[in-house]
Amino acid sequence: MKKFFEDIKKDIKFKSAGPGKKLTEDTSTKPEVQCSSSSKQNRHAPSEGAQRAGAAALARVEQKQRPKVHTSQDAIRNQVKRELEAEAAAVAEKEKASAAEGSKVKDPACLSVSGVYFTCPLTGATLTKSQREVHIKEAILMRFEEDEVEASVMMIHTFNKDREKVKATVDIISKYVDNICKNPTEEKYRKIKVSNKVFQEKVRPVEGSREFLQALGFVSVTFPVEGQEEEEEFLVLPEQSPDALELMKERRDRLQRGEPVRAQLDRQPQAFRPSPNAQRFELPPEFYNLTAEELKREQQLRSELVEKNAMLRTKAMREKEEQRERRKYNYTLLRVRLPDDNLLQGTFYAWDRLPALFEFVRASLVDGWQPFELIAPGGQKLQESEEVSLVESNLVPGALLTFAWDAAVQADIAAAGGKSPTLLKPELLETIRTLS
């Protein structure tokens, strides 16, 4: 049938070319049709009506064969991958420029920590701040080979920043599933018209929504619509068995429980030998909520005004200014002086809570199960049970804390003839360094 349409198309082009004109045909996308010269000479030219009918039929055949946007998960993933590669190149260029600017502010050799790093929860890779988003998106796309449902759920909740739009999409897709499960034999609930206003405005713009529907079993099909020349695209789900319907409900629940995949801050635990420089903090530009140029300007202004303002501000004014200064930081570098004078260092978000600090210290100790205390600069005893942020505890952008075992517990251990607990874990002591 298709060969017949191709022959008709050639006849139409030959006639339209006119006498004396050379007929050219683009063969780059179509296989060459082999015809004998004798068959060409013997074939009668089709009538004008047959030509019109053949051309229309051929157009429909070609339209069905032409790949539609979003009908192939591979095509979508390839498109996203190309976008990610372009995004990664732009980010790398920006990071390079930022690093160049940052080097003008501080000598990297004098920094207390080389930078801020993150860990991908899907691959375990260590990433810079600029690499994390692109890497996670690529890791999610690779997940499609293992579990399409899981990957599409991750895609919906991670690729789209507007949480309200994500919630609206999840609610609509959940409604699709609910209607199908309640009316499994009614075809209308298993057909989604792609041009439908709700689908176009609420579902289609959210990345990953189409992939999730395809993971449920929906397939793209075009149907003729009364009163329209062009056929309409529908997403159609074949009739499901009772077991398949239960599986759909489970996948709907996974969609509803989905959370964004976020890179986790790498605290970069590091042990240092006793040092007189324990209270000295030289931080890289990543710690600041400012550009390198803004940071340089802030430092210059601060040094010029510090003496002038010291005598003019009240205590309340100074505290308010200090809080405002601390909000300029995204991260904080904390050190803990241990009973043997060794130091434990880690990186935190400025808005991390005190329990996160205690958990970090406990995870670094051999006997972390024993109660201990952390004392902030100025003698303030920190309370692990308090959900107070590090910035509110005046531990931003850097601070030296003092560690102490609980005195009462240690007294009981000593009375029972026990030994003093071991401090840092061997893996930290193996990489212990001297603080420069």
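Contact here means heavy atoms within 4.5 Å. The model shown in these views is predicted.

**Figure 1. Overview of the protein, with 15 helices and 11 strands.** Of the 436 residues in the protein, 36% are buried. Among contacts with a separation of 6 or more, 72% are between residues 24 or more positions apart.

**Figure 2. Contact between helix 7 and helix 9.** Helix 7 covers residues 163-182 and helix 9 covers residues 209-216. From helix 7, the residues Thr169, Ile173, Tyr176 and Val177 take part. They meet Ser209, Phe212, Leu213 and Leu216 of helix 9. By class, the residues of this contact are 6 nonpolar and 2 polar, with no charged residue.

**Figure 3. Axis geometry of helix 7 and helix 9.** Two packed helices are described by the angle between their axes and by the distance between the axes. For helix 7 and helix 9, the axes come within 11 Å and cross at roughly 20°. Angles under 35 degrees count as roughly parallel, and helix 7 and helix 9 are therefore roughly parallel to each other. Their crossing is right-handed.

Figure 4. Is valine 166 buried or exposed? The relative accessibility of valine 166 is 2%; buried means under 20%, so valine 166 counts as buried. Leaving out residues up to four places away in sequence, valine 166 touches Ile156, His157 and Asn160. The C-alpha atom of valine 166 is separated by 8.8 Å from that of lysine 202, and these two residues are 36 residues apart along the chain.

**Figure 5. Pairing of strand 4 with strand 5.** Strands of a sheet pair through backbone hydrogen bonds, either parallel or antiparallel. In which sense do strand 4 and strand 5 pair, and over how many bridges? Strand 4 and strand 5 (residues 232-236) pair in the antiparallel sense, over 5 bridges. Phenylalanine 223 has glutamate 232 in strand 5 as its bridge partner.

Notes. Residues numbered from 1 in each chain as written. Predicted model: local features only at pLDDT ≥ 70, side-chain atom pairs only at ≥ 80, totals over all residues. Heavy atoms only, no water. Pairing = 2+ DSSP bridges. Helix = DSSP H or I, 4+ residues; strand = E, 2+ residues; numbered from the N terminus. Axes fitted to C-alpha atoms, helices over the stretch in contact; angles between N-to-C directions. Parallel < 35°, antiparallel > 145°, perpendicular 65-115°, else oblique. Left-handed = near helix turned anticlockwise from the far one by under 90°. Nonpolar A, V, L, I, M, F, W, Y, C, P; charged D, E, K, R; others polar. Buried < 20%, exposed > 50% of the residue type's maximum accessible area, 1.4 Å probe, protein only.
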